Amino acid sequence: MRPTRLPMTHTSLHLRRFKSDKRINSFLNRVQGDSFVSERKTSLYKSRAAFKLLEIDAAHRLFNKNTRNIADLGFAPGAWTQVAVQRLEAQKVAYNILGVDINPASPVRGCHYIQGDVTKKSTHARIVEFFKNRDERDKVESAGDGQHLDFIMSDMMVNAMGSGLSDHDGNMYLCSAALLLAYNQLKPGCNILLKVWLGQELEEFVDRMKLMFAHVNTIKPKASRSILSELYVLGKKKYDMKERGVTIEQLFG
Ligand SMILES: C[S@@+](CC[C@H](N)C(=O)[O-])C[C@H]1O[C@@H](n2cnc3c(N)ncnc32)[C@H](O)[C@@H]1O
């Protein structure tokens, strides 16, 4: 009998990372017993990541009438954008959501997507251009020094196979790139949500965030598997960097 082939879902793509049958079986056992994966199969979300964001939103009200311009960094396959759309449409908020991912992806209906590496200056320039054009079209004034973003969410994670960095180091690098975008483009008073990976640089990273945000919370959603070193950090109410005298050098060395 021919072996049953798994469909090419996100899960099966992950399976390519496991070399032995033993590791594949142990992964499958874990995933098959995971209620959030079962829930995803019956929901419309593109990945189980949606449930983490739904949980954080339920506790912190991330999406509201003041979150019009949103950058979704590490967008693919798009579940976080789906959640944002759902939450904003429920509140009748007009939105501009731009998904950015280093890998190819399809945009979510009503939103936009660009393929780009968030650690590259050129990608930041494309993000700024997108929101600048949207604000001009919608006749919305930018804040401070031409800031356009109302919320940044980043679920970015390095591909351990290709980056040559450890999960923690790679993740810290991505988070710094997201924080730099926030320094330059997030409006004062606005929030950022970042996926972080436990490790030795995390404390220092959170301290840096405290120079930028009035409140910084560390969150472990139930939907994030407990065995993973994954956490989320929410920076709330960005300070006005100029007014506070916080320089880019202080933050990024
Ligand atoms: C956990 S997945 C994100 C899942 C997504 N939040 C969702 O709801 O569907 C992490 C994503 O980060 C992306 N990523 C990793 N490094 C990146 C980089 N340098 N720039 C942009 N995206 C990156 C990966 O391609 C991957 O799609």
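Author: A residue counts as buried under 20% relative accessible area, as exposed over 50%, and as partly exposed in between, using a 1.4 Å probe and protein chains only. This is a predicted model, where local features need pLDDT of at least 70, side-chain atom pairs count only at pLDDT 80 or more, and totals for chains, interfaces and linings use all residues. Residues are numbered from 1 along each chain as its sequence is written, and side-chain values use heavy atoms, with hydrogens and water left out.

Reader: Thanks! What percentage of the residues of the chain count as buried?

Author: The chain has 253 residues. Its helices (H or I, at least four residues) and strands (E, at least two) are DSSP runs, numbered from the N terminus, and there are eleven helices and seven strands. The share of residues that count as buried is 47%.

Reader: Is Tyr 45 buried or exposed?

Author: Tyr 45 sits in the loop between α3 (35-42) and α4 (49-60). Its side chain is joined to that of Gln 86 by a polar contact of 2.5 Å; such a contact is a pair of N or O atoms within 3.5 Å, and within protein one must be able to donate a hydrogen and the other to accept it, while residues adjacent in sequence count only if both atoms are side-chain atoms. Because its relative accessible area is 13%, Tyr 45 is buried.

Reader: Which residue has a side-chain N or O atom 2.8 Å from a nitrogen atom of the ligand?

Author: The ligand is surrounded by 19 residues, each with a heavy atom within 4 Å of it. A backbone N or O atom of Gly 78 lies 2.9 Å from a ligand oxygen atom, and one of Ala 79 lies 3.0 Å from a ligand oxygen atom. The side-chain atom you ask about belongs to Asp 117.

Reader: What percentage of the area that the ligand exposes alone does the protein bury?

Author: Accessible areas come from the Shrake-Rupley method with a 1.4 Å probe; for residues, only the protein chains shown count as cover. Taken alone, the ligand exposes 600 Å².
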